[in-house]
Amino acid sequence: SRESAEQLKSIFAYLHKCLSTDGYVGLGRGEQMIDAPFGCSEGVQQGAVESGAIFCVGLDKANRPTNNELRIRGGLLVGGIDDTYIIGKPEDAFPALMRHQERLKELGLELNLKKTKCYIHKDFRNEEFHKLRGKVELGSTEESNGTAYGIVAYGVPIGDDPFIHTFLRRKASQISRDIGTIDSMLVRGATQIPQLPTKQCLWQLAMRCLQHQGNYWTRHLPPSPTKEFSQTCDEAMVEVICSATGLDMNQLPVAAKERALLPVRLKGLGIRMLQDRRMQEYLGGTVQGLLPLLNRGTKTNPKPKPRL
């Protein structure tokens, strides 16, 4: 409505005043972070809460027409800030990508084709597909048996089975290393703060955070490729439990171990292994993901239109 449009103009004018001054810029990350010798004087301030929303509003001018033309052909454009994904048949998706590049150019933005990746199932990876993709690289990774093809969308691997397994193996190793680093820093003397109750802190981290590190991938991927991934994450959690409580889960009798892994309200430790819940995680993710796609409205009780 006109009233809403005027209200948005006022909001954007206010945000522009807040963000138009030179903003702070940090270089590096973590303990190696240093102050940059310059400020941010173009666009919006990096790290400002409002910046992402403003960027999405500006980008929508290019995303919306591309999405509309893809939907007519059964395709789709989805995006989160500057991560944009085009879904469709090759004869529709690649020409749409080129037109999208021109729309972005009109906004003063550049779509870097060198960083753009594509994927299609091997049964459709024919000469016509390679001709249509042109300079767009086919997403891939190297693994022990050669090249595995796929892409990563919002952190979730999509591709041939070897690609998914390679991604999950590397991700599990990263999670295991991160959990091990936290363990060593808190319990094994790396943190020089005598008054800090390190074992209690580690246990709270295990309860509230560490045991959930692999949930994102078990919710978005079917159980078949996540078995090895879950085992690796669980092995790291067993080490944390041992460090925090002195209880070696691998040495417990089966009945005692099952009791220990019950919820707190059932007199357990409140720790659940990822292997035990990965199937439920996937089922829950599927249900939550499907509902917004369905048209659940009626004539007397209209609902928002489904996303597909």
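This is a predicted model: local features need pLDDT of at least 70, side-chain atom pairs count only at pLDDT 80 or more; totals for chains, interfaces and linings use all residues.

Colleague: Where is Thr226 placed?

Modeller: Thr226 sits in the loop between helix H7 (215-220) and helix H8 (227-245).

Colleague: Why is Thr226 called buried?

Modeller: Its relative accessible area is 0%. Buried means under 20%, so Thr226 is buried.

Colleague: What makes the pair of Thr226 and Pro223 a polar contact?

Modeller: A polar atom of the Thr226 side chain lies 3.1 Å from the backbone oxygen of Pro223. The cut-off is within 3.5 Å, and 3.1 Å meets that distance.

Colleague: Which residues does Thr226 touch, not counting those up to four places away in sequence?

Modeller: Thr226 touches Leu168, Trp217, Thr218, Leu221 and Arg278.

Colleague: How many aromatic pairs does a search of the whole structure find?

Modeller: The search finds four aromatic pairs. One of them is formed by Trp217 and Phe229.

Colleague: Why is the pair of Trp217 and Phe229 called edge-to-face?

Modeller: The ring centres are 6.2 Å apart, and the planes are at 65°. Rings pair if their centres lie within 6.5 Å, and planes over 60 degrees apart count as edge-to-face. Both conditions hold, so Trp217 and Phe229 are an edge-to-face pair.

Colleague: Which parts of the chain does the pair link?

Modeller: The pair links distant parts: Trp217 is in helix H7 and Phe229 is in helix H8, 12 residues apart. Together with Tyr216, Trp217 and Phe229 form one aromatic cluster.

Colleague: How do you know whether Trp217 and Phe229 are buried or exposed?

Modeller: Trp217 has a relative accessibility of 11%, and Phe229 has a relative accessible area of 2%. With the limit for buried at under 20%, Trp217 counts as buried, and so does Phe229.

Colleague: What is stated about the phi of Ile81?

Modeller: Ile81 has a positive phi of about 55° although it is not a glycine. Most residues other than glycine have a negative phi. Ile81 lies in the loop between strand E3 (76-80) and strand E4 (83-87).

Colleague: Why is Ile81 called partly exposed?

Modeller: The relative accessible area of Ile81 is 42%. Partly exposed is the range between the 20% limit for buried and the 50% limit for exposed, so Ile81 is partly exposed.

Colleague: What about Tyr154?

Modeller: Tyr154, not a glycine, has a positive phi of about 55°. Tyr154 lies in the loop between strand E8 (146-153) and strand E9 (156-159). At a relative accessible area of 39%, Tyr154 is partly exposed.

Terms used:
Residues are numbered from 1 along each chain as its sequence is written. Side-chain values use heavy atoms; hydrogens and water are left out. Helices (H or I, at least four residues) and strands (E, at least two) are DSSP runs, numbered from the N terminus. Buried means under 20% relative accessible area, exposed over 50%, partly exposed in between (1.4 Å probe, protein chains only). A polar contact is a pair of N or O atoms within 3.5 Å; within protein, one must be able to donate a hydrogen and the other to accept it, and residues adjacent in sequence count only if both atoms are side-chain atoms. Contact means heavy atoms within 4.5 Å. Rings of Phe, Tyr and Trp (its six-membered ring) pair if their centres lie within 6.5 Å; planes under 30 degrees apart count as stacked, over 60 as edge-to-face and the rest as tilted.
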